[in-house]
Amino acid sequence: MERQNEVLDNVIIKFAGDSGDGMQLTGTQFTNTAALFGNDLSTFPDYPAEIRAPQGTLAGVSGYQLHFGSVEIFTPGDYCDVLVAMNVAALKANIKNLRKGGIIIANTDGFDTKNLRLAGTEEGKNPLDDGSLENYRVIRMDVTKMTRASLEGSGLGVKEIDRAKNMFVLGFLYWMYNRSMDHTEKFLEEKFGNKPDILKANLSVLKAGYNFGETSEEFTTRYSINPAKIAPGEYRSVMGNQAVALGLIAASCKSGLPLFYGTYPITPASDILHEVSKHKNFGVKTFQAEDEIAAVCSAIGASFGGALGVTASSGPGIAPKGEAIGLAIMLELPLVIVNVQRGGPSTGLPTKTEQSDLMQAVFGRNGEAPMPVLSASTPSECFSMTYEACRIALAHMTPVMLLTDGYIANGAEPWLFPSSADLPEIKVTFAREKNAGDKFYPYKRDEKLSRPWAIPGTKDLEHRIGGIEKQHETGNISYDPANHEFMVRLRDSKIEKISDYIPELKTEVGPEKGKLLVLGWGSTYGAIKSAVIRSRNKGYDVSHAHLRYIRPFPKNLGELLYNFEQVLIPEMNTGQLIRILRDKYLIPAVGLNKIQGLPFKAEEIQNKIEELMK
Amino acid sequence: MENTPAIEKFTSKDLVTDQDVRWCPGCGDYSILKQAQTVIPELGIPRENIVFISGIGCSSRFPYYMETYGMHSIHGRATAIASGLKASRPELSIWIVTGDGDGLSIGGNHTIHILRRNFDVNILLFNNEIYGLTKGQYSPTSEEGKVTKSTPMGSVDHPFNPVALCMGADATFVARSMDRDPKHLQSVLRRAHGHRGASFVEIYQNCNVFNDGTFEAFTEKSSKKNEALFMEQGKPLVFGENMDKGILLDGFKPVVVQTGNGISLNDLWIHDEHDRVKANILSRFFDNPGMEHHLPRPFGVFYTEDRYCYEDRLEEQIATMIQKKGEGDLDALLKGRETWTIN
C-alpha cells in the first residue's frame, strides 16, 4: 500500500514498561542502530533501584529515553514524541513528559483489569477508552497476543514466549523509522548463539513486529531521519562508565604503568569494574575489595608500589574512603578516585542522578586536605577527563577526584574516538638516585612542588612515609608548629599550582563578554548548551561556559566571570559550585537548582535565562 | 625489573634507621623489633624488596625503625594497603605490623579477608590486650571484667581469641609467640617468612605502662614451664617443670596427663600442624591460667597449609587472557566493536 514518508530532523522516543519488560535492552538496540546509521544522539536510562520492583506498579516502571536526529543533539530531550507504554503504569509515569500531539504505542494487554488496578487507576476507568488521551495519537497493539501468535508451535513455554515481546515493539519501531534490523539480528545471534530456539523466537518476533507495521493498514506514515552533519570522522557509541574504564586503560598504556583498580560494587559505579575486568590482556588488575575502605587502601598500596592506583564509587562509598584519601594526600602518591554521583544523602536515590557531592569532593576530609577535583560533562567526555585525572595524578603526585554522575554514566552518545597516538603523553620517571648527598629525601620537591616517586625494589632509596605530619623535604616525623603550618600551606600551593598546567576556560556558546553567562559543571552540559542556543536564537545576549576543573579553577575564571553582568549557575543540588564561586570571586551569581533525581530539561534553563533577562 | 644476580648482604645494623625509637622504656616492642632485625638479614631477601606496613597504635611505629621501605598508614588498614601492594608487586616481601586494636577491632574486617585471600605476606599482630597509644582503654582481646579508664565497672565485652578467629578465616599459617622469648620469636618469624601465603603470627607483648604483667604466667620463669605449651611438628605435646605433663586427646576432648605410670610419650597427642581439626582444638586452648584444671597456652605453629596465593591467580588470569586475545591493543580497544564514519 501507498505510504507517506515524512522526513524529521530529530525524534525523542521513550521506551517504558515493567522492569522485567526488557525496555533497557530495547532502547539500547534502537540506539545502536541509530548510531550506526549516522544519527547524532543522546540517551537517558531511568530505572528503579529494585531489581524486580513490584510488577505493574508505578514504582516498577523502567524507562529508556532516546533522542536522535540529523542535527546536533545535546540532551536526551525534554518531551518525547513517542511513548512506548507496555502497561498502564508506564503510561501514567510518563504521560506528563509526552508532547501534545505525540504518539503513544500502547500494549493493550498491559491495560487489563489487573494492570489498571496495580497502577492505581480509578475503578472502571481505562485511559485508553476514557478520552483522557485525546490530545495524543494512540496506537494500540496487543503485543502479548501477537507475540504468542507468532510463536505458536515453537515449543517454548508461555513465560519464555512473553519474554520476547519487547522484540515485537522494537521490530515495529524499526519499521516506523525506516531502520534496518541487521544490527539487532547480529546482536541476538551473538547473545543467543548457544540457545537456538530462543534465538529463533526472538528473530521471528522482531520480524513479526516489523511486518505488523508493513501490513497493517492503520499506519499510513513512516518517518526518516537522515544522518547527522557532525564533525567528520569515525565514530562509535560509548556510555559514561565505559568511557571511564577506557580512559583508565588508555592512561595505563600511555604511562607504561600497570593499572590497579580496587573497588567495591555500588550503583551506579559498578559498570566501570565490569568493563575494566574484561580487559586483563592489558595487564590490568582488578580487586573487588571487602569494603570501600579496603578498596581505596588497596589502590594506595598499589600506587606505593608504582602502579596507577584507581578506585571508584558513588557518594555513600566515597564517604568511608575519606580518611584514606587524606592519607594519600599526606603520602603525596598518585591516586585516581572516581565518584559516579547519585541522589543523596545516605543511601538516597541509588539509581537517580544528582550533583550533590561537589562539596564532599572539594572539602570532605578531616584537616586541610586539598586535592584536585575534575568533572566530566558528557558520556564521551568521561574518557578524556579520566585520562586527564590520571595525567594530573601522575605528573603532580597527588590523589585526584573525578566527578561524573548517574546520568552520564549510563547515558550513551556517539564518540569521535581518538587514536592512541592522539592522546597526550604521560611521562613517569621513578626516582633512581639519592637526591640529598648520601641521603634520599622523599619530600624534596621539583618546580611543580611534587615529590619524587621512589618505589620499593629501588636500591638505596629505602624510606618510610606515613600519615603523621612530616618535616619539609626529609619526610621525617615532625610536630614542629612552624613546620606544620608551612606544610599545610605547601600542600595547598602544590594543588593550586596545577592551574599552570590546565587549559583556560573558554565559552562553549556565545561571546566571552556580555550580559549573562550560564556557568555549569558536569552533566548539566547538554541542557545548558541547548537552552543557551535557543535563547540566543531568540536574540538574547547569553553565553555558556562549562567547568571541567573545579579544584584548582582555570586561571582565567575570575576574569571571565567579571566580564558578564550576570552569572547563572544551574546545578542538580541546592547550590554547591555557586558557594565556592561566591567565596572565591565574591560575585552575586544566581542559582537554578533542581534536586529531583532527574536531569534538567533545557526548557527549565531557558525559562530561567529569559526570566533573568526580562 | 633489572637483573640483580647477587643479593647484597646486610646485617641487623643496616636495618636500624636514624630515628629515635620512641616506645616507653621497658616496652615489649623493643624485643620484637630486635628479633625482626636479627632474623631478616638471614632470609636472603634484597633489602630494597622488603616493605613494612603498619596501621595506627604503638606497634605501628615499627616501620620508622626499620631501614627498609615502609608505610605508617591509617588505623586498621595496613592489611588492605598491603593487599594492593602485593597484588601489584608480587616479588616484594611484605610485613604487616598491627596490634590487637588495629588488627582485630577497627581493622578486623581486613584481617579476616587478607587471610582468606591468602596473599603471601607476614602479619605480625602485637597483642598486649590494651589500648596503649590512647592511654589505657580495654581492647578486643582484654578479658571480661577488665577495669580500665573506659570501663571503671569492668568491661562487659567478651574477648576475641585471635588464633581461633584466624583459623575461622581459613588462614594458611597461624602461630603464636611472645616478646619475652627471643629464640622462639625468631624461629616463628623464620617460619612465617618461609610459608608461602598469609602468615599470621600473634605475639604476646607486654605493655608495662597500661597492662603490665598480663602474660606473665606464660612468660615468667616461675610459671612458664607449667603454663606455656611449646608445639613442635611431629613431637608429643609436653610441658611442665620437668616436661612430665602432656596432652592426650580423649575423643575430641584434650586432657592433661602426667607421663610415666603407664603413659608414655607415644601415647600423647603428636603435634601435626597440617591437621586442621586438631589445630582448631589447639586454638581453643584459651583458659585463664588461674582456673582449676585449665589447659596450658600453646605457642608455636598451630596450623599450616599449602593453598594458592591470590596474587598468583591474578597473574595467571592476565597470562591466560593475553594467550587468548593477545596483548592489549589500545587502538582496537578505543575503536570498540562497531563504528561508523561521517564524511
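Biologist: In which order do the three strands of the open sheet in chain B lie?
Modeller: In this predicted model, the three strands of this sheet pair in the antiparallel sense. The edge positions belong to strand 8 (238–239) and strand 10 (253–258) of chain B, each of which pairs on one side only. The order of the open sheet in chain B is therefore, with pairing taken from DSSP bridges, 8-9-10.

Biologist: Which residue in strand 9 of chain B is the bridge partner of Val238(B)?
Modeller: Strand 9 of chain B covers residues 245–250, and its antiparallel pairing with strand 8 of chain B runs over two bridges. The partner of Val238(B) in strand 9 of chain B is Gly246(B).

Biologist: Which element of chain B gives the most residues to the side that touches chain A?
Modeller: The contact draws 51 residues from chain B and 59 residues from chain A. Among the elements of chain B that give two or more residues to this side are helix 4 (108–117), helix 10 (310–325) and helix 2 (78–88). By class, the side of chain B that touches chain A holds 22 nonpolar, 19 polar and ten charged residues. With eight residues, the element that gives the most to this side is helix 2 of chain B.

Biologist: Which residue in strand 12 of chain B is the bridge partner of Tyr235(A)?
Modeller: Strand 12 (340–342) of chain B is one of the elements that give two or more residues to the side touching chain A. Strand 12 of chain B pairs in the antiparallel sense with strand 9 (residues 233–239) of chain A, over three bridges. In strand 12 of chain B, the partner of Tyr235(A) is Trp340(B).

How values were computed. Residues numbered from 1 in each chain as written. Chains lettered and ligands numbered in written order. Predicted model: local features only at pLDDT ≥ 70, side-chain atom pairs only at ≥ 80, totals over all residues. Helix = DSSP H or I, 4+ residues; strand = E, 2+ residues; numbered from the N terminus. Contact = placed C-beta atoms within 7 Å. Nonpolar A, V, L, I, M, F, W, Y, C, P; charged D, E, K, R; others polar.
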